[in-house]
Amino acid sequence: MASTATDGITVVTVTGEIDHTTAAPLIHALDLGDLGDRHRVVVDMRHVTFMDSSGINVLLVAHRQLTQADGWLRLAGVPNFVLRTLQIVGIDAVIPCYTGLHEDLEA
């Protein structure tokens, strides 16, 4: 997992699986205390190979915390199989999902 900051936006790049055994680094990367004053976050999911309910819960908690801090969370490059899961549970209606990272940063 890598994290970079561009124009006040933190981009967290996630690779591999996001499940109950691998969610800890994502939780840490999206922690408000670690983000400092950067409360606008894009999660780059282009290289995610699997995500279960643990990953969904991490994203929902981060979304709520960032929104309460007058920020936002967006998802970029969500693979179709992950996007379908997010659509089934309605996360795409709560957290904006973009097909590419550049679209997300410009929105």
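Reader: What makes strand 3 and strand 4 a pair, and in which sense do they run?

Author: Strands count as paired if DSSP finds at least two bridges between them. Strand 3 and strand 4 have five bridges, in the parallel sense, so they meet the definition. The model is predicted, and in it local features need pLDDT of at least 70 and side-chain atom pairs pLDDT 80 or more, while totals for chains, interfaces and linings use all residues. Numbering starts from 1 along each chain as its sequence is written, and side-chain values use heavy atoms, without hydrogens and water.

Reader: How many bridges join strand 4 and strand 5?

Author: Two, in the parallel sense. The definition asks for at least two, so this counts as a pair. Here A76 stands opposite Y98 in strand 5.

Reader: Why are strand 1 and strand 5 said to stand at the edges?

Author: The five strands form an open sheet in the order 1-2-3-4-5, with mixed pairing. Strand 1 (2–6) and strand 5 (97–98) each have a single partner strand, so one side of each is without a neighbour in the sheet.

Reader: What makes the unit of strand 4, helix 4 and strand 5 right-handed?

Author: The test is to view the strands pointing away; the crossover is right-handed if the path from the first strand over the helix to the second runs clockwise. Strand 4, helix 4 and strand 5 make a right-handed β-α-β unit. Helix 4 (residues 80–89) lies across strand 3, strand 4 and strand 5, at about 110 degrees to strand 3. Such angles run from 0 to 180 degrees between N-to-C directions, with axes fitted to C-alpha atoms, for helices over the stretch in contact.

Reader: Is strand 4 covered or exposed, and what is the criterion?

Author: Buried means under 20% relative accessible area, exposed over 50%, and partly exposed in between, with a 1.4 Å probe and protein chains only. Five of the five residues of strand 4 are buried, and the strand is mostly covered. W72, R74 and A76 point one way and L73 and L75 the other. In the protein chain, 41% of the 107 residues count as buried.

Reader: What makes a group of residues a nonpolar core, and how many residues has the largest?

Author: A nonpolar core is a set of buried Ala, Val, Leu, Ile, Met, Phe, Trp, Tyr and Cys residues joined through side-chain atoms within 4.5 Å. The largest has 25 residues, and L30, V43, M45, L59 and L73 have the most contacts inside it. A second, separate core of six residues includes I9, V11, W72 and A76.

Reader: Which residues does L73 touch?

Author: Contact means heavy atoms within 4.5 Å. Leaving out residues up to four places away in sequence, L73 touches L30, V41, V43, L59, A62, H63, L66, I95 and P96.

Reader: Why does the radius of gyration agree with that of a compact globule?

Author: The radius is taken over C-alpha atoms, and the globule rule is 2.2 Å times the number of residues to the power 0.38. For 107 residues a compact globule would be near 13 Å; the protein chain has 12 Å, so the two agree.

Key
Helix = DSSP H or I, 4+ residues; strand = E, 2+ residues; numbered from the N terminus.
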